[in-house]
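Me: I want to check the labels on this model against their definitions. Please show it, then take my questions in turn.
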Amino acid sequence: MAGQQFQYDDSGNTFFYFLTSFVVRMHNAAFFLIVVCFSLRRVHGRCLWYRLRLMKSQQSIVPTLKKAALLFGWAVFLLLAYKVSKLDREYQEYNPYEVLHLEAGASVAEIKKQYRVLSLKHHPDKGGDEAMFMKLAKAYSALTNEEARDNWEKYGNPDGPRGDSFFNLTTYFQRIVLLVLPINLFINILINPIVTSLFILINTTQLFMHFMYKTPTMNMKRLVMVLTAAFEFDPRSNKEAIIRPTDNIEVPQLIRELGNINVKKKEPPFCYPYSLKARVLLLTHLARMDVSENVEEDQRFVVKKCPALLQEMINVGCQLTMMATSRGGLRAPRLTSIENCMKLSQMVLQGLQEAKSPLLQLPHFEEEHLRYCISKKYKVRTLQDLVSLKDSDRRNMLRFLGEEKYDEVIAVLGSFPCINMETKLQVLDDEDSNKVTAGSIVTVTVTLTRKRMSVSSDAKNKTKVWQNKNKGAKKAAKSKKKKLTKKKPVTQQQAKGDKAKHPNGNVAGNDDAAASKVEEDDLSDKGSESDEAEGNKDSPSERDEESDKQSDTEVDEIEWEALQQSIQRRERALLETKSKVTHPVYSLYFPEEKQEWWWLYIADRKEQTLVSMPNHVCTLKDTEEVELKFPAPSKTGNYQYSVILRSDSFMGLDQIKPLKLEVHEAKAMMDNHPQWDIPETEEEEDDQEDSDGIEESEEDEEDND
């Protein structure tokens with residue numbers, strides 16, 4: 001700012017304050033030091049089964065280099081803290097009364113008298129202190145000179161406003177800083193662990209990225225192994241993961257009951273005990289096996305962590321796909337791997353294995369009851385089949401349930417979501433929004449409408465009646481067509497006879513036409529040039545052109561309004577914060593309340609690739625509009641994609657809608673636009689005008705002379 005003075009620290013002492021605060025706030029420096037110290041704690045060793053398996057890994061937890069780096073970091077931090085604590089107070093408040101040893105408000109006579117005494121004492125010619133003598137002279141001038149006195153009273157400095165002092169800290173404030181910084185650091189470590197999105201450890205994200213890149217096509221068994229190898233289940237990385245003395249008895253017993261779960265696999269970290277235990281607990285949850293209380297508590301911990309971990313795995317798969325698309329040369333995960341993550345999320349929420357029937361999500365349904373549903377009489381295999389069944393048939397099929405249980409099943413079934421999905425394909429910010437050209441950005445607007453499953457008693461009959469009505473309508477239409485073709489010549493003859501007999505028929509029409517022709521001839525004889533011009537304007541070709549122009553302008557206005565509406569919707573979506581509390585998920589085996597969320601994406605199922613990244617729809621209460629964007633293929637032709645909606649909580653409610661894409665050739669870019677073509681004649685005319693103006697000015701000067 002103009003007129004502002006600055007005072008800089010030439011000694012460099014304030015640099016230590018900056019460096020100390022920088023080290024404290026740097027996550028990769030100070031956080032690393034504290035976190036490494038916490039990671040040195042040893043795993044509880046009461047469990048023999050764990051101790052035998054972790055013996056080798058514990059020997060190499062902290063190598064020598066890591067210890068040396070840790071000690072060096074703490075030494076630097078303590079040295080900086082010591083330096084800051086030893087900094088002297090540099091700024092002293094200037095008071096001329098204190099320099100002259102007078103009280104504030106002393107008179108001018110007292111000031112002169114005191115100055116005379118002190119100046120004789122500290123005069124350099126009489127062996128006094130020269131610096132002190134200069135201070136006395138400055139204080140005397142400040143108190144006797146009116147301008148200097150006003151400057152001191154206003155600004156605290158006889159020379160006028162002083163420069164802004166940076167890092168002007170007192171000793172008291174230094175102590176506060178040294179006390180607050182370590183406390184702030186410790187609080188940050190407690191409330192801000194080293195995590196990524198959804199509070200996932202960085203080591204877990206790196207683990208997922210490694211195995212998803214290593215195994216692009218990941219089946220469900222491999223996916224469960226990678227999921228349960230997350231560091232959230234490792235007691236060395238997470239305090240919530242508990243090791244129990246009974247694990248060496250209960251875990252091997254569950255392994256025998258489950259059967260083949262790749263226990264002998266030596267690939268790390270799948271062979272580590274924490275990973276094996278988490279895998280066993282997750283598989284017992286999916287199999288709905290009965291476990292002890294201690295194992296059930298650990299099982300709840302593992303199951304609650306799985307949805308967030310699976311979402312992070314999907315995010316990692318999307319990142320690898322984008323990297324492979326943009327850079328090339330990298331292997332992108334197959335569509336099957338990402339969709340298996342979504343399926344596993346549904347399985348975890350409902351406590352079901354992959355091949356199990358979605359009817360088992362309902363209460364009071366067991367494996368032995370499914371034989372009544374899949375019989376030849378009913379053929380009910382999905383929730384939709386059960387909804388569309390007639391109420392009497394449904395009650396007869398579920399005769400193994402009592403009235404209360406049956407009513408509960410119907411109530412739960414009626415609370416399940418039924419999603420209506422509508423798609424609209426556009427190329428926004430383009431001249432023709434409905435035409436897809438090579439390389440253009442395609443926007444697919446998907447409107448999701450959530451309703452409950454309506455369990456109607458006459459649903460099946462209504463469909464049959466509707467089908468019968470259509471068949472009857474088709475037959476009636478065919479018979480009408482036949483009758484019309486037979487009666488067609490008769491109707492023409494009747495029409496001719498009626499026209500001849502009718503007094504107001506065609507004959508009268510001809511007379512009126514002749515009279516109008518005579519009047520037109522008279523008007524043409526009496527007409528003028530203006531009438532001819534009006535007649536030319538009303539010609540049919542020009543009318544068509546005007547109508548075409550009006551239709552084009554109307555279409556442009558409609559497209560412009562649609563574009564503005566979409567922009568406004570996007571702006572509202574950015575500013576509006578919607579709640580993620582949608583509808584609670586009905587689940588018999590998930591240990592906590594879960595909200596109903598969805599994944600929406602576009603995929604090429606033939607090539608097994610993602611076309612648009614999955615959008616995690618977390619705000620669908622009644623209606624939600626989602627935009628999916630992707631670049632059109634670079635080659636022209638017809639493409640068959642699929643818009644896919646998957647639930648993260650329910651099995652058997654996924655939807656797949658085909659999306660046909662016709663890619664046209666992009667317009668060629670104009671190298672030389674007409675607006676930049678300036679003719680040479682215009683340039684010559686401008687030069688000539690300038691020269692003429694100069695000559696005229698010279699002639700005027702000569703005339704004046």
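Reply: Helices (DSSP runs of H or I, at least four residues) and strands (E, at least two) are numbered from the N terminus. Ser345 is found in helix α15, residues 335-350. The model is predicted, so local features need pLDDT of at least 70, side-chain atom pairs count only at pLDDT 80 or more, and totals for chains, interfaces and linings use all residues. Residues are numbered from 1 along each chain as its sequence is written, and side-chain values use heavy atoms, with hydrogens and water left out.

Me: Why is Ser345 called buried?
Reply: Buried means under 20% relative accessible area, exposed over 50%, partly exposed in between (1.4 Å probe, protein chains only). Ser345 has 3% relative accessibility, so it counts as buried. In the chain of 705 residues, buried residues make up 33%.

Me: What is in contact with Ser345, leaving aside its neighbours within four places in sequence?
Reply: Contact means heavy atoms within 4.5 Å. With those neighbours set aside, Ser345 is in contact with Leu310, Trp599 and Asp648. The side chain of Ser345 reaches the backbone oxygen of Asp648 at 3.0 Å.

Me: What makes α11 oblique to α13?
Reply: Axes are lines fitted to C-alpha atoms, for helices over the stretch in contact, and angles run from 0 to 180 degrees between N-to-C directions. Helix α11 (residues 220-227) packs on helix α13 (residues 273-286) at about 125 degrees, with axes 8 Å apart. That makes α11 oblique to α13: angles under 35 degrees count as roughly parallel, over 145 as roughly antiparallel, 65 to 115 as roughly perpendicular and the rest as oblique.

Me: Which residues of α11 and α13 meet?
Reply: Val224, Met225 and Leu227 in α11 meet Ser275, Arg279, Leu282 and Leu283 in α13. These divide into five nonpolar, one polar and one charged. Ala, Val, Leu, Ile, Met, Phe, Trp, Tyr, Cys and Pro count as nonpolar, Asp, Glu, Lys and Arg as charged, and the others, Gly among them, as polar.

Me: Why is α6 called roughly antiparallel to α7?
Reply: The axes of helix α6 (residues 108-122) and helix α7 (residues 130-144) cross at roughly 165 degrees and come within 10 Å. That angle makes α6 roughly antiparallel to α7. The contact is made by residues including Ile111, Tyr115 and Leu118 of α6 and Phe133, Leu136 and Tyr140 of α7. By class, the contact has nine nonpolar, three polar and one charged residues.

Definitions and conventions: Polar contact = N/O pair within 3.5 Å; in protein donor to acceptor, adjacent residues only side chain to side chain.
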